[in-house]
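The following paragraphs lead the reader through one protein chain, from its overall form to individual residues. Please keep the sequence and the model in view while reading.

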Amino acid sequence: MRLHRLVRQTAFLSGSHFVVRIMGFSLRVWLSRELGAQAMGLVELTHSAQSLLIAPVASGLPAAVSRLSAQRGRTGGARVALVGAGLSLLVSIPVAAAAFCLREPLARWLGDIRTLPALLCLLPCVPVIGLSCALNGYCYGTNRPAAPALSELLEQIVRLLLCLYLVPLLRSWPTALRAAVPALAMLLGETAGLLLMLLLLAGALRRRRKPLRGMMHRARGEAGPICTELIALALPLTGMKLVSSLMHTVNAALIPARLQASGLAAQEALSRFGMMHGMLLPVLMMPSFITGSISMVTAPELARRQAEGQPMLRLIARVLASTLAIGLPAMAAVYLFAPLLANTLYRQAELLPLLRLCCPLVPVMALVQVTGGMMNGLGLQRRSLRISLASNLLSLLLMYILAARPSLRLLGAVIGMAGGQLLTLLMNLRVLFLCVSPDRGCTAR
């Protein structure tokens with residue numbers, strides 16, 4: 001019965017994520033054509049900074065809330081969610097305020113002062129995303145995926161409609177201001193999604209006749225122990241996300257600089273970077289609307305089985321086989337439809353050879369996503385942190401060396417990314433199977 005429930009939840013999440021991803025992918029294609037590669041480069045530089053700013057609240061804390069909620073059930077999980085939401089605001093608001101005070105140095109560190117308008121639009125997103133992620137963790141941990149799915153759908157609809165209205169309207173504006181439109185749309189979309197999430201959860205509490213005031217009073221009484229446990233679970237994964245986001249931000253500044261070192265002009269280097277992150281990577285990550293659902297559903301189930309002392313090896317093997325069954329056909333589809341994507345959708349002929357060379361990364365990236373989620377469910381955040389640090393350092397080193405070669409350029413940056421992904425996958429698989437083998441106990445070291 002439990003396995004059937006996992007399949008149903010995965011199917012539901014995959015369906016909702018498919019709709020959201022199709023909308024997001026269509027929006028990216030449209031933006032790349034309307035804004036151009038240079039403006040897309042500014043958009044991606046800004047998003048790399050945002051991923052660093054939200055890392056303290058958007059990675060470790062949701063996973064910790066999900067794990068504790070899965071272990072405590074809906075009633076105990078609601079108290080965990082309240083404490084987690086308070087903790088996310090306690091961290092995210094000072095982070096956003098500090099980033100606002102340092103906005104100009106941050107924009108210069110990204111390598112282009114024209115990212116400043118988009119940064120100003122994204123900074124208010126930090127507490128909004130932090131609060132949403134904490135509530136999402138509670139919903140996934142207590143097998144209530146509908147609220148996050150509907151929230152994400154509304155967020156994407158708002159973003160899509162605002163971009164479709166504002167980008168053509170502001171066509172004559174400077175590149176820096178037009179590049180801020182997707183950031184503004186993200187802020188308003190995230191806010192709308194959070195409001196819907198709060199309404200849905202409040203309605204669920206009323207139907208269960210659980211007064212919010214009483215729950216908040218009990219949560220305050222247990223805030224100390226819950227907060228301590230959340231921090232202990234979240235810190236390693238947060239450290240991993242911070243390392244990954246920092247490396248991503250460094251890469252975002254490094255790749256255009258190394259492309260310039262290969263002989264490209266500054267604007268052309270920024271355009272190539274926008275092509276890689278705004279066009280190539282979204283195609284390679286398209287299967288994540290399914291594999292992300294698998295990861296989110298499997299992690300709480302592994303946490304329950306681990307707490308109950310049940311075997312986990314068969315479940316892990318089935319999940320990996322399902323991920324490959326999704327990733328391999330997706331790889332073939334990317335290879336076959338690469339001319340359509342490059343020439344018709346993106347109108348970038350030089351994207352075609354990159355898509356075909358990179359299509360083997362599709363199943364690799366899918367497996368990295370799923371194995372990472374399973375390690376979080378098993379409480380292996382510290383090992384994930386070490387793996388992330390090693391793989392990101394390898395990726396950074398390869399990008400630094402290869403992207404500056406005139407014969408490689410953007411392909412060198414892609415090779416660097418591929419090296420980090422492969423190392424992550426191999427180390428994740430080794431840790432998982434050593435952890436759940438019959439003669440070894442699973443420890444969170």
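A contact, as the word is used here, means heavy atoms within 4.5 Å. This is a predicted model, in which local features need pLDDT of at least 70 and side-chain atom pairs count only at pLDDT 80 or more, while totals for chains, interfaces and linings use all residues. Residues are numbered from 1 along each chain as its sequence is written, and side-chain values use heavy atoms, with hydrogens and water left out.

Along the principal axes, the C-alpha atoms fill a box of roughly 60 × 45 × 35 Å.

Of the 445 residues, 56% count as buried, where buried means under 20% relative accessible area, exposed over 50%, and partly exposed in between (1.4 Å probe, protein chains only). Among contacts between residues at least 6 apart in sequence, 83% join residues at least 24 apart. The accessible surface comes to about 18,900 Å², and 67% of this belongs to carbon and sulfur atoms; the areas come from the Shrake-Rupley method with a 1.4 Å probe, and for residues only the protein chains shown count as cover. As for charge, the chain has 42 positive and 14 negative side chains, with the centres of the two sets 7 Å apart. Lys and Arg count as positive and Asp and Glu as negative, whereas His and the chain ends are not counted; each charge is placed at NZ of Lys, CZ of Arg, CG of Asp or CD of Glu.

Particular residues can now be considered. Ser48 belongs to helix α2, residues 37-58. With a relative accessibility of 0%, Ser48 counts as buried. Leaving aside residues up to four places away in sequence, Ser48 touches Leu110, Ser245, His248, Thr249 and Ala252.

Which residues form the one aromatic pair that a search of the whole structure finds? They are Phe25 and Tyr346, arranged edge-to-face, 6.4 Å centre to centre with 85° between the planes. Rings of Phe, Tyr and Trp (its six-membered ring) pair if their centres lie within 6.5 Å; planes under 30 degrees apart count as stacked, over 60 as edge-to-face and the rest as tilted. Phe25 lies in helix α1 (residues 2-35) and Tyr346 in the loop between α14 (313-345) and α15 (351-358), so the pair ties together parts that are 321 residues apart in sequence. Phe25 is buried at 14% relative accessible area, and Tyr346 is buried at 2%.

The loop between α14 and α15 also holds Arg347, a residue other than glycine with a positive phi near 60°. Arg347 is exposed, at 57% relative accessible area. Arg409, likewise not a glycine, has a positive phi of about 55°. Arg409 is placed in the loop between α17 (381-402) and α18 (410-436) and is partly exposed, at 22%.

Finally, Gln71 lies in helix α3, residues 60-101, and is partly exposed at 39% relative accessibility. Gln71 and Pro300 are 229 residues apart in sequence, yet their C-alpha atoms are 8.4 Å apart in space.

Key
Helices (H or I, at least four residues) and strands (E, at least two) are DSSP runs, numbered from the N terminus.
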